[in-house]
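Subject: Structure for you, with notes

Dear colleague,

Here is the structure I promised to pass on. Please have it open while you read the notes below it.

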2 protein chains.
Amino acid sequence: MTKRNAFYAQSGGVTAVINASACGVIETARAHRGQIGKVFAGRNGILGALREELIDTSKESAKTIAALKHTPSGAFGSCRYKLKNPAQDMSEYERLIEVFKAHNIGYFFYNGGGDSADTCLKVSQLAETMGYPIQAIHIPKTVDNDLPFTDCSPGFGSVAKYVAVSTREASLDVASMCETSTKVFILEVMGRHAGWIAAAGGLAAEQAGDPPHIILFPEIAFDRDKFLKKVERTVKKNGYCVIVASEGAQYKDGTFIADAGATDAFGHKQLGGVAPTLATMIKDALGYKYHWALADYLQRSARHIASATDVEQAYAVGKAAVEYAIAGKSGVMVTIERKPGKRYRWSLGEAPLEHIANVEKKMPRNFISRDGFAITEAAQQYLKPLIAGEDYPPYKNGVPQYVRLKNQLVANKLKTRFSL
Amino acid sequence: MTKRNAFYAQSGGVTAVINASACGVIETARAHRGQIGKVFAGRNGILGALREELIDTSKESAKTIAALKHTPSGAFGSCRYKLKNPAQDMSEYERLIEVFKAHNIGYFFYNGGGDSADTCLKVSQLAETMGYPIQAIHIPKTVDNDLPFTDCSPGFGSVAKYVAVSTREASLDVASMCETSTKVFILEVMGRHAGWIAAAGGLAAEQAGDPPHIILFPEIAFDRDKFLKKVERTVKKNGYCVIVASEGAQYKDGTFIADAGATDAFGHKQLGGVAPTLATMIKDALGYKYHWALADYLQRSARHIASATDVEQAYAVGKAAVEYAIAGKSGVMVTIERKPGKRYRWSLGEAPLEHIANVEKKMPRNFISRDGFAITEAAQQYLKPLIAGEDYPPYKNGVPQYVRLKNQLVANKLKTRFSL
């Protein structure tokens, strides 16, 4: 059998370091030319496979591929697209296998979160069933840090660092102006079901009493009266109050504090508007002047302030995926394992995909203070190493130099076209 | 006459580099102990003088003062407080002079924007009239970059860099997801009357056609139809559209696109909400999925991504203020002058305060493209040097180490208390 090619795709919301994983995959595959042919990247993620739009990464220079390590977002394009359930409709998975066959693809590297772990699993299973086995390895990625079995998810450390840094900086601003101006500042951050990103705001505090004074987690039911009392007490004591609010913060009955109403392709509610809702609530009840910020995409694309630990891990999981495939593994996700001991050390492991799909790892209760408004020492210990180290991109004319790929497509081999 | 002390105060909205100016003032005063006594800083700006709450900066070590150069926001506290017009009510200015007399203050260094230039002028004039002459020097500071007579204002370069970097990063995010997700991204930035900050978003573009595709300036009347057509054309051509919108963007009749309705202490309208208003407008007319970010205080406190040029200039204007005072000057603002030539070079100058107060320098028309949605080559040439260079703060545990001052108050000498 001839040397088989690899397919790599980015899935779901992109991060500051997902391209570092791509870099790990491509550089490692290139280092194993004896075992792996070309790496084809899906244009816009899995859609690239369905549409037979395969980017030939061999057209990119070593220098360009290396620059992916410091370039945020998805260099080949990503997508939010949930494949049809093969139990009901096999057509999409059949199409994938057809494209893989046509391009002699024997390795499937899928870089994403929980939804894509499920896709990766099905590709590995169905390929087998259909007589065209493919080694499918899942490369973890999610700013939400909610993947199970891995100590953390690449992408999270950098968004966490962004939130910690921004919270510290904005808090100084509010502190210096509060005598005559803004008393309450709210930073709304991502995190639909898990409060990991909001928790990272807590790393802004150095000493007891430091901002942020309140963190709102999706894991803790929002209690309006308790919240307003805490805001009032904080302003009376410190002159101001800084709040980091998770977009997924919700009441006891599961109603989100603010709900934009729209839903994404996976059927998840699209959120936004917690900060203004809280601001108005505070203004109405307590009369305080407020400001709020919504970091939105800025937080997950902020490669300029990426965590060096995160960059290193993102690269490492990409590299390991190729090594696992060469070692004959399939149907697993690369995991990051924290070694015991005071000093932070980590190694790579693996977890079977069967157990990963659609499981969300939430903040453990002992990571959240008893009153529900802060992180504990245990959370600090968990989070701190993940934002450690700076890994600045190169700059030119005052702005970071992010790489542009040629993204040249491989010639089509199939006559049939796929349309959504 | 004994050696006279200096008073330094921070006024209005703080910036990522206003403490670098404070550092310049204090270090330079310390280097001229023969001429200047202690530097007292107003606690919460000019309120500190009115309330006789003077921070004794001599209690801080050289190392602490040096660290102000990399610490954002106002280390002594700032305020939004407009002194009563002395033509109607002399009491506040009389109180200032009384406090200055009591503490043998002969130098008044006021670090702020247009409103504080006016205060600085009046202090210099009234002190003279009242027989207690004070040398009053204004140190420019405003993220809005709207002060006249100076080529740029310290504070602007760093917010400009933040906006350029963030726009570039978020644009990559949108570009990689637009096939199946967000088509329109809007970043709302500061700038009530002048579009300088929004203009800086234009520095994210490297080649023609690069994002941002649309910039909305307060200087250009907003035309809904023209805007929507441009959004639609852009999405059809590129698959997505990135917009940087100034909070002060307005219709021809002066109505702000979004108007929160509240007003600040100076009677200025407090804005916010341009981005969601535009997003809804686009959704309703064109149906595109959108995301938007509101950087708010994050943009002006982002010392982690400060412009090295800005930091250097902020320090230099503080230093020059002390040198000007020692040279016997008063009633002037330190200015930054751009030297002719292709390579960016600058020097310091001065401008009489009479001409500065309440004049706002807007974007010249030739800095904005004919269609009103972009910056021109002339604007690029003006803006680029101001964001040049990185000046990273030191980090510990993944977050920047910003200094905390003791902020020890000088013992009161006056029996009377001042209340607002």
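Ser73(A) is buried: 28 other C-beta atoms lie within 10 Å, and the cut-off for that label is 20 or more. Bear in mind that this is a predicted model. The residue sits in a loop of chain A, between helix H3 (62-67) and helix H4 (91-102). Its backbone deserves a look. Ser73(A) is not a glycine, yet its phi is positive, at about 70 degrees. Most residues other than glycine have a negative phi.

Look for Asp296(B) in the loop that runs between strand E9 (290-294) and helix H10 (297-301) of chain B. Asp296(B) is buried too, as 25 other C-beta atoms lie within 10 Å.

Next, the peptide bonds. Most peptide bonds are trans. The bond between Pro211(A) and Pro212(A) is cis, with omega at about 5 degrees. Pro212(A) belongs to the loop between helix H7 (196-200) and strand E7 (214-216) of chain A. In chain B, a cis bond joins Pro211(B) to Pro212(B), and omega is about 5 degrees. There, Pro212(B) lies in the loop from helix H7 (196-200) to strand E7 (214-216) of chain B.

Now the sheet in chain A. It is open and has 7 strands, in the order E3-E2-E1-E4-E5-E10-E11. The pairing is mixed. Which strands stand at the edges? They are E3 (54-56) and E11 (346-352) of chain A. Each has a single partner strand, so one side of each is left without a neighbour in the sheet. On average, neighbouring strands are turned by 30 degrees against each other, direction ignored.

One pairing in detail: strand E5 (residues 135-140) and strand E10 (residues 332-338) of chain A run parallel and are joined by 2 bridges. His138(A) has Met333(A) as its bridge partner in E10(A). A helix packs on this sheet as well: H5 (residues 114-129) of chain A. H5 touches strand E4 (105-112), E5 and E10 of chain A. The direction of H5 makes about 165 degrees with that of E4(A).

Over to chain B, strand E1 (residues 4-10), which holds Asn5(B). Is Asn5(B) buried or exposed? It counts as buried, with 21 C-beta neighbours inside 10 Å. Leaving aside neighbours within four places in sequence, Asn5(B) is in contact with Gly37(B), Lys38(B), Phe40(B), His103(B), Asn104(B), Ile105(B) and Gly106(B). The C-alpha atoms of Asn5(B) and Val39(B) are separated by 6.0 Å, though the two residues are 34 residues apart along the chain.

The axes of H1 (residues 18-30) and H11 (residues 308-326) of chain B come within 7 Å and cross at roughly 35 degrees. The crossing is right-handed. On the H1(B) side, the contact residues include Ala20(B), Cys23(B), Gly24(B) and Thr28(B). On the H11(B) side, they include Val311(B), Ala314(B), Gly318(B) and Val322(B). By class, this contact has 13 nonpolar, 4 polar and 2 charged residues.

Last, the two chains together. The contact takes 56 residues from chain A and 56 residues from chain B. Which elements of chain A each supply at least two residues of the side that touches chain B? They are helix H6 (156-177), strand E9 (290-294), helix H10 (297-301) and strand E13 (399-400). H6(A) gives the largest share of that side, 12 residues. By class, the residues on the chain A side divide into 29 nonpolar, 16 polar and 11 charged.

Best wishes

Technical notes. Residues numbered from 1 in each chain as written. Chains lettered and ligands numbered in written order. Predicted model: local features only at pLDDT ≥ 70, side-chain atom pairs only at ≥ 80, totals over all residues. Axes fitted to C-alpha atoms, helices over the stretch in contact; angles between N-to-C directions. Helix = DSSP H or I, 4+ residues; strand = E, 2+ residues; numbered from the N terminus. Left-handed = near helix turned anticlockwise from the far one by under 90°. Contact = placed C-beta atoms within 7 Å. Nonpolar A, V, L, I, M, F, W, Y, C, P; charged D, E, K, R; others polar. Pairing = 2+ DSSP bridges. Buried ≥ 20, exposed ≤ 12 C-beta atoms within 10 Å, placed from the backbone.
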